[in-house]
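Me: Please take a close look at a single part of this model. I would like the salt bridges first, then their setting in the chain.

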Amino acid sequence: MMNVAGWSMLALLLLCKQVLASVSCVWDADCEAGLNFERNVKCVEGKCQNPFFTGGCLYNMLEGWDKLRVCHSDDPPDAEEKGYCRKSPMDYMEVRIHSQNWESAFFGTWILQILLSEMLDVPVSVEATAGLNNDLYDSQLR
């Protein structure tokens, strides 16, 4: 059972995560500076788009990795056509991971999401609690 200090810390963490996650912008260069990232960074409607939304983590971080991530149900309907992701070549059913609401669970979820959707070609989406979106590939960095 969590005491008052624990609940307060949890609320603060969730609040900070939401505030720090999205970066306001006017130009793509604002996103490059704010996210300290140069590849696939776009300013969309005043917010920086998640650089991992287009292609995935390995595609953006590893030189020579040319395989896009696999699309999942939370992607826009035209994501494959626009080159954000690709269809699973083995036509796997989607795996949904519940990430809970603490940081260590977020990191474990993201590692699984990268392993499954970028290396093993299995579509993966993330369920979260309390209206949070912990999907590594969420376009708005929510």
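The reply below starts with the salt bridges and then turns to the rest of the chain.

Reply: This is a predicted model, so local features need pLDDT of at least 70, side-chain atom pairs count only at pLDDT 80 or more, and totals for chains, interfaces and linings use all residues. Residues are numbered from 1 along each chain as its sequence is written, and side-chain values use heavy atoms, with hydrogens and water left out.

The structure holds seven salt bridges. The term means a side-chain nitrogen of Lys or Arg within 4 Å of a carboxyl oxygen of Asp or Glu. One of them pairs Lys67 with Asp121, at 3.5 Å from N to O. This pair links distant parts of the chain, 54 residues apart. Lys67 sits in the loop between helix 3 and strand 3, Asp121 in the loop between helix 4 and strand 4. Helices (H or I, at least four residues) and strands (E, at least two) are DSSP runs, numbered from the N terminus. Lys67 is partly exposed, at 27% relative accessible area. Asp121 is buried, at 10%. Here buried means under 20% relative accessible area, exposed over 50%, and partly exposed in between (1.4 Å probe, protein chains only).

Arg86 also bridges to Asp121, with the closest N and O atoms 2.4 Å apart. Arg86 lies in the loop between helix 3 and strand 3 and Asp121 in the loop between helix 4 and strand 4, so the pair ties together parts 35 residues apart in sequence. Both Arg86 and Asp121 are buried. Shared partners join Lys67, Arg86 and Asp121 into one salt-bridge network. Another salt bridge connects Arg69 and Asp75, with 2.9 Å between the closest N and O atoms. Both of these residues are buried.

Now the chain as a whole. Four helices and four strands make up its secondary structure. Their order along the sequence is α-α-β-β-α-β-α-β. Of the 142 residues, 42% count as buried. Contact means heavy atoms within 4.5 Å. Among contacts between residues at least 6 apart in sequence, 51% join residues at least 24 apart.

Next, Ser125. Its place is strand 4 (residues 124–127). Ser125 is buried, with a relative accessible area of 0%. Its side chain makes a polar contact of 2.6 Å with that of Glu94. Such a contact is a pair of N or O atoms within 3.5 Å; within protein, one must be able to donate a hydrogen and the other to accept it, and residues adjacent in sequence count only if both atoms are side-chain atoms.

The largest nonpolar core has 13 residues. Cys31, Phe52, Ile114 and Leu136 touch the most other members. A nonpolar core is a set of buried Ala, Val, Leu, Ile, Met, Phe, Trp, Tyr and Cys residues joined through side-chain atoms within 4.5 Å. A second, separate core of five residues includes Phe53, Cys71, Ala79 and Cys85.

Two loop residues have positive phi without being glycine. Glu45 has phi near 50° and lies between strand 1 (43–44) and strand 2 (47–48). Glu45 is exposed, at 81% relative accessibility. Asp91 has phi of about 55° and is found between helix 3 (57–61) and strand 3 (95–98). Asp91 is exposed too, at 56%.
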